[in-house]
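Open the structure in your viewer and keep the selection tool at hand. We will go from one selection to the next and see what is there.

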Amino acid sequence: MDNIHVLKFGGNAIRGREDLMRLSREIADMVADGKRVILVHGGGPEINEEMEARGFVPRKVCGMRITDGDVLDIVETVLRRLNADVVGCLQECGVTALGIPGYFCTLCTRKPPFKGVEDGVEVEVDLGLVGEVAGVDPASLYDLLEQGILPVVYPIGKDADGRMLNVNADTMVAGIAAGVDCVEMVAITDVPGILADVKDPSSKYDNLTLEQVDALIADGTISGGMIPKVDACRKALLAGVASVRMVNGRDKEGIMTGPGEGTRGTVITK
Ligand SMILES: Nc1ncnc2c1ncn2[C@@H]1O[C@H](COP(=O)(O)OP(=O)(O)O)[C@@H](O)[C@H]1O
Ligand SMILES: [Mg+2]
């Protein structure tokens, strides 16, 4: 199947109905242009809020949420609710969309404890009930796309024994992009792209190679939520996805398209 674009947005980038409608209108234009879109979303800030309301303290290491059974319940509930909102906005914009959990189209495994880099320092991490994508069933997605249905995926996975796992949305989108025949993967986030100085939006890199990305992780320039995002870009690129980029969901002139399209966001190449 050709012309598949795999998009992902995070909860900071696109939050609330106004943002969702802005994104949905742009996606509706892509669909009208003949593009086939698969959309994956996160919900970090909404999950944090719900956790705090229930007396839990959100904890993340290397940009990924430490997840036990209680946290997983909250994550799933919040993501399902958000997913319904996303589908609703797309439908309002004339796009036929269907909300599905990650386990509809992927098989996940629990992420084993690993050594990561946090703010330039190596740390030993056990995230708990957090998953990685081990395999994708592309036919389940192609079936929907062929019927003109846009899959909207929330990142809850299951392992081979049917145990639910929390999957970072960037990890989920990379798994899906790597497993389907897509022309591009776009991560929509709340910064203009990868920045040399997180506090300075004008310090954006227009292009980076994976080697340059590695150096920026090692020296602590890339940290937090940017780490699973660049890992996602790496996975997609190594799987042969031709175009991998990160763009700013806060950009009111157009998130993926519009004026200055060529220099929007950060394009990552092998
Ligand atoms: N070098 C960097 N350039 C840009 N953002 C960075 C960088 N290092 C860390 N970040 C952080 O990564 C965040 C994006 O990740 P995250 O908060 O998980 O958002 P999302 O919801 O899009 O996944 C940015 O808001 C920023 O705070
Ligand atoms: Mg994130």
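Predicted model: local features only at pLDDT ≥ 70, side-chain atom pairs only at ≥ 80, totals over all residues.

Residues are numbered from 1 along each chain as its sequence is written, chains are lettered from A and ligands numbered from 1 in the order in which they are written, and side-chain values use heavy atoms, leaving out hydrogens and water.

**The sheet.** Begin with the open, mixed sheet of eight strands, ordered S5-S10-S2-S1-S13-S15-S16-S14. Strands here are DSSP E runs of at least two residues, helices are H or I runs of at least four, and both are numbered from the N terminus; two strands pair if DSSP finds at least two bridges between them. At the edges, pairing on one side only, are S5 (97–101) and S14 (207–209). Neighbouring strands are turned by 20° on average, direction ignored.

**S5 and S10.** Select 97–101 with 150–154: five bridges join S5 and S10 in the parallel sense. Ala97 has Leu150 as its bridge partner.

**S1 and S2.** These strands also run parallel, joined by six bridges, and Leu7 stands opposite Leu39. Five of the six residues of S2 are buried, so S2 is largely enclosed by the rest of the structure. Buried means under 20% relative accessible area (1.4 Å probe, protein chains only).

**Helices on the sheet.** Now select H1 (16–32), which lies across S1, S2, S10 and S13 at about 175° to S1. H3 (69–92) packs on the sheet too, touching S1, S2, S5 and S10, and makes about 160° with S10. Contact means heavy atoms within 4.5 Å; angles run from 0 to 180 degrees between N-to-C directions of lines fitted to C-alpha atoms, for helices over the stretch in contact.

**H7.** Next, 226–238: this helix has 13 residues. Its buried residues include Met226, Val230 and Leu237. Just after H7, Gly240 takes a positive phi of about 100°.

**The largest pocket.** Which residues are closest to its centre? Select Asn12, Lys60, Asp170, Gly225 and Lys229, which are among the 37 lining residues, those with an atom within 4 Å of a grid point. H2 gives the largest share of the lining, four residues.

Conventions. Expected span 1.5 Å × (residues − 1). Buried < 20%, exposed > 50% of the residue type's maximum accessible area, 1.4 Å probe, protein only. 1 Å grid on protein atoms, 1.4 Å probe; cavity = no way out; pocket = protein on both sides within 12 Å on 5 of 7 lines; lining within 4 Å.
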